Amino acid sequence: MSTPETESSNESTRIRAAVFDGNGTITIEDVDLAAPGPGEVRVKVAAAGVCHSDLHVTTRAWDVPAPVVLGHEGSGVVSAVGSGVDDLEPGDHVVLNWVPGCGECRACQAGRPAQCSLVASVVATGGTLYDGTTRLSNERGTIHHYLGVSSYAEEVVVPRSGAIKVRKDAPLEDIAIVGCAIATGVGAVRNTAGVQPGSTVAVIGCGGVGLACVQGARLAGASRIVAVDVVAEKLTLARTLGATDVVDASTADDVVAALRAVVDDAGYDYVFDAIGKIVTTEQAIAALGLGGAAVIVGLPPQGERASFEPLALAEADQRILGSNYGSAVPERDIPALVDEVMAGKLDLASMISGRRPLDEAAAALDDLAAGHALRQLLIPSA
Ligand SMILES: [Zn+2]
Ligand SMILES: [Zn+2]
């Protein structure tokens, strides 16, 4: 694919993309990608991260419009801009943002773009861009976008706010994971919880988001960071990224008791549930200390319910916090996180467990489901 000119933005292009049919099949197909409309940009994808939120779609834990081009984490180079976009140009390096705030709704105006009502009501639930239509189609007919991104593809068309400009000296493939895992995990620590220096922190689940929570807690100056997982290799990696202690949930009889024992039974100031299963959410609440906050970062299947004892929560002045996309303000947070990568404060390379061609999208999701992959990158040009 040659470097497109801005003038080419009114032409559609043929791309290869990983399409999920809504039933259980992922196929690599040729897809027509329409030109970016007003206020939209086209981005040539350098790398797409494989995240549990993609798996929730393919296992049908979440119901999204299908057929759909998967992927909501990625990085790339702007290849064309639609009318009205005057602050991005072809050649700019960007990280893709799966909550492309409209800038005008009540949540966006309040500085909470991760709660944008237009994203929630149209982009996320409708599988389209803002105008209620998609830029993706082929012989099947209309194909939907996933969270306004659809990065398992050679190129994407996204709203202007879905492409966050970043510095060009950052490693373009690696920073794909800043767009979901890092923004979500570090953001949960900083934006949602506001972890203070000296705090005690536990992180349940050491996948991409959980390890980003560990790194965020380290940068926040937490005094104890206790990582929990069932895979020994992930616990070893958690230690290298900042965990002071680990609990192997595959051998612990009682994870909450094991967690509490690490901090002399005092409980934790913050517990991050980076998995989002009912059992892990309940463990996060049960492991809290006086005044502690449980932060739900990993996203459970639709419709599930967890339980806790309200009296214990009230008496101990505890809180349960939800965290969507790390309560991020992507335009502010993503370039700053990339700066921290370049300053050696955030380690992305250790979190990336493999780079695979786009053709292996289904296999990469299978490996993620099996628990032995960390963050895998799909490289469309490979
Ligand atoms: Zn994700
Ligand atoms: Zn909005």
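Colleague: Are His 72 and Cys 180 buried or exposed, and how do you know?

Modeller: His 72 is buried, and Cys 180 is as well. Buried means under 20% relative accessible area, exposed means over 50%, and partly exposed lies in between, with a 1.4 Å probe and protein chains only. Before we go on, a word on the ground rules: this is a predicted model, in which local features need pLDDT of at least 70 and side-chain atom pairs count only at pLDDT 80 or more, while totals for chains, interfaces and linings use all residues. Residues are numbered from 1 along each chain as its sequence is written, chains are lettered from A and ligands numbered from 1 in the order in which they are written, and side-chain values use heavy atoms, with hydrogens and water left out.

Colleague: What makes a residue a donor to the zinc ion (ligand 1), and which residues coordinate the ion?

Modeller: A donor is an N, O or S atom within 2.8 Å of the metal (3.2 Å for Na, K and Ca). Cys 51 (SG), His 72 (NE2) and Cys 180 (SG) coordinate the zinc ion (ligand 1) at 2.0 to 2.2 Å, so they meet the 2.8 Å limit. Water is not among the atoms, so a site may look incomplete. The donors follow the spacing C-x20-H-x107-C along the chain. His 72 sits in the loop between strand E4 (68–69) and strand E5 (74–81), and Cys 180 in the loop between strand E10 (163–165) and helix H4 (181–193), so the pair ties together parts that are 108 residues apart in sequence. Helices (H or I, at least four residues) and strands (E, at least two) are DSSP runs, numbered from the N terminus.

Colleague: Why is the site of the zinc ion (ligand 2) called tetrahedral?

Modeller: Four donors count as tetrahedral if all angles lie between 85 and 135 degrees. The angles among the four donor atoms here are 104 to 118°, so the site passes that test. For reference, the ideal angle for four tetrahedral donors is 109.5 degrees. The donors are Cys 102 (SG), Cys 105 (SG), Cys 108 (SG) and Cys 116 (SG), at 2.3 to 2.4 Å, and their spacing in sequence is C-x2-C-x2-C-x7-C.

Colleague: What makes the rings of Trp 98 and Tyr 325 a pair, and how are they arranged?

Modeller: Rings of Phe, Tyr and Trp (its six-membered ring) pair if their centres lie within 6.5 Å; planes under 30 degrees apart count as stacked, over 60 as edge-to-face and the rest as tilted. By that rule the count is one aromatic pair. The centres of Trp 98 and Tyr 325 are 4.3 Å apart and their planes lie at 20°, so this pair is stacked. Trp 98 belongs to the loop between strand E6 (93–96) and helix H2 (106–109), and Tyr 325 to the loop between strand E16 (319–322) and helix H10 (330–342), which puts them 227 residues apart. Both Trp 98 and Tyr 325 are buried.

Colleague: How do you know that Glu 29 and Arg 140 meet in a salt bridge?

Modeller: A salt bridge is a side-chain nitrogen of Lys or Arg within 4 Å of a carboxyl oxygen of Asp or Glu. For Glu 29 and Arg 140 the N to O value is 2.6 Å, so the pair qualifies. The bridge links Glu 29 in strand E2 with Arg 140 in the loop between strand E7 (136–138) and strand E8 (141–143), 111 residues apart. Glu 29 counts as buried because its relative accessibility is 15%, whereas Arg 140, at 40%, is partly exposed. The model has 22 salt bridges by this rule.

Colleague: Which residues are linked with Asp 32 in a network of salt bridges?

Modeller: The network joins Asp 32 to Arg 14 and Glu 139. Asp 32 and Arg 14 meet at 3.1 Å, N to O, with Asp 32 in strand E2 (residues 26–33) and Arg 14 in strand E1 (residues 13–20). Asp 32 is partly exposed because its relative accessible area is 28%, and Arg 14 is partly exposed at 37%.

Note on methods:
Four donors count as tetrahedral if all angles lie between 85 and 135 degrees; four count as square planar and six as octahedral if opposite donors are over 155 degrees apart and all others between 65 and 115; anything else is irregular.
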